[in-house]
Amino acid sequence: MNPDRTQVLRLLCDTVVPPIDHPDDADGFWARRATDVGADLGVLATIAAMPADQQESVGLLLDALAAQGFLTAAQAQREQILGAAGPAVTPLTSLVLLLTYGMPDVTGRNPNWSRLGYPGPAARPPVPEKRPITPLRPTADLDLDADVVVIGSGAGGGLIAGRLAATGARVVVLEAGRYRSESDFRQLELAAYQQSYRRGGPTPTADQNITLMTGSGLGGGTVINWTNCIRTTDRVRREWAHEHGLTDLATPEFDRHLDAVWRELSVTGQCSQFNRAHEAMSRGAEALGWSFATAFRNWDEKRHDVLVAGGLGFGDPSGAKQSTLKVYLEPAVVSHGARVIDGCSVERIVTENGRAAGVVGGWTSEDGSRSFAVTVRAPVVVVAAGALDSPGVLLRSRIGGPAVGDHLRLHPCTVTLGDYGTDMRGWWGPPQAGLVNEFAAVEDGYGFLMESVQYTTGLGASAVPFTTGAEHKQAMADYRNYGSFIGLVRDRGHGRVGSDGSAFYEIKDDLDVRNSQRAIEAQIRLHHAAGARGIRFLARGVPSWTFGEDFDGFVAQAREIPLRAGGAVLFSAHQMGSCRMGTDPSTSVADPRGELHDTPGVWIGDGSAFPTSSGTNPMITIMALASRTAEHITQATP
């Protein structure tokens, strides 16, 4: 970044969030520019942390803007230049919005929050420093021996580590993320992304079509997910049993695993208070005659705080969340002697005579100043790094067969906002306390759920497509009045993952297209039935609807928006299937028990093992399958 490029970048920031004359500006919201809150400094820091080739790509984009007269153009002309750049500039404009509305100042607040109606993270009593786990921190190259080495510690890996450690097995857990406990969580959005999310927060697929949200750290996604617990449906259980060879899933034998996980996580329906968005969802569903259900959540009722629950996607400082970290990993370490290394990435699995013999990888200190090699010798290797990273381990190890990285499912989500003309207080209460499941199997066993999302200022602002500075600022001025619904599609089509963890995914399966369009229409009609005075579909090229305008025309226009970059804004918090189980080694990676077809002793223990997408929030299914896999490992181990 040379001075000329930096000048273009700063002007770009203030083009996206410009100063605007407005009669109602008591708090300075309308006059405040992106650079007034330091968004330009945040963007520069982000660019500086990128690989050199990506930095140069950004630099060339800025050069191209300059060549179009960006530095001397008026605001309207700069907006036209950005519009003409299309999807190429979208990641940069989205980053500016994320930082402008999400970045706190030295007081821990953002000056824009008062206009948005956000009071900031809930006040909390002092949390004592409590770290039941003391990870191994190498001071030199490290060699360990174990009975089992588990790569990853999320919903599946953490449970398997806990189960096997309890049998007396010597277990080592290697986690690429970092260990965080209650005292570390401040429920600040950007800090949470950096500390507890893969690749530092929401990240687009390699083709820019879908934004991925994935946990990273000891306990994986269970530390920052929204605690929506849904059992594997009978329909999916039968499909996986009869079409993919997991025969016991269609029997009470699998209920035993589901019941155990449900009990161990203290799943309850008593801590699912409705905020105003959920009240609207329930009200709209009743008016339309659609089914609606209150969510069950893995939560300690005794520690429940409804305000803290509103920010649980940024870590739970109360200790109420019954994550894999708390329920399985802590007992594994404290009571059964399991060893944990965080900040440790696995390069490959070692094999001898065609079967598992251990893993090799590397540990890096959190400040990046120290790195050491880590080798763990073990006859059992559990791959549970998540559906985006488990394939890379196998591909680098040259095991797993031709299906490794294929059949990636994402539950792609579209998003709509209803303007209800009143402060919806979306930051209050658990993010997913209810859902509409009317269309869960609308065609051939596939369909969609409608749920709500956690309140965010930064991600929320970046998801509202930028058209002009004035229009986006007006949208944010109205932000407190919005209730958010998502349409979570059970995808039949699939994408793929490369050895570096890059995902490629396009919604092109005809059934997935139909269900996505159905989900868009259903969300809009749900808002309308609930009394919204205005509705936004988060997509480029679709104006918002206001009461009195042509409603059916708006629905029809929204259904026709392309489901890709440059069209609908799409998210995924559920990644599945990239190392799936099945009977056919040409289309699956592991056998129906979870062990690799081609490498005995290597087991798949996370959501990548799903034969197809689950159609529901997958945590309970991942954990029940992991419980089942842990039993198979025990039975197969001499």
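I began with Tyr-193 and Phe-314, and I found both buried, that is, under 20% relative accessible area with a 1.4 Å probe and protein chains only. This is a predicted model, in which local features need pLDDT of at least 70, side-chain atom pairs count only at pLDDT 80 or more, and totals for chains, interfaces and linings use all residues. Residues are numbered from 1 along each chain as its sequence is written, and side-chain values use heavy atoms, with hydrogens and water left out.

I then checked Trp-290 and Phe-439: their ring centres are 4.9 Å apart and their planes are at 85 degrees, so I noted the pair as edge-to-face (centres within 6.5 Å, planes over 60 degrees apart, the six-membered ring being used for Trp). Trp-290 is in the loop between α11 and β7, Phe-439 in the loop between β15 and β16, 149 residues apart. I took helices (H or I, at least four residues) and strands (E, at least two) as DSSP runs, numbered from the N terminus. Trp-290 and Phe-439 are both buried.

I also listed one aromatic cluster, formed by Trp-113, Tyr-118, Tyr-455, Tyr-479 and Tyr-482.

For charges over rings (CZ of Arg within 6 Å of the ring centre and within 35 degrees of the ring normal), I noted Arg-131 over the face of Tyr-179, at 5.6 Å from the ring centre. Arg-231 has its charged end over the ring of Trp-262, 5.9 Å from the centre.

Last, I looked at helix α5: twelve of its 13 residues are buried, so the rest of the structure largely encloses α5. Among the buried residues are Thr-90, Leu-92 and Tyr-101.

How values were computed. Buried means under 20% relative accessible area, exposed over 50%, partly exposed in between (1.4 Å probe, protein chains only). Rings of Phe, Tyr and Trp (its six-membered ring) pair if their centres lie within 6.5 Å; planes under 30 degrees apart count as stacked, over 60 as edge-to-face and the rest as tilted.
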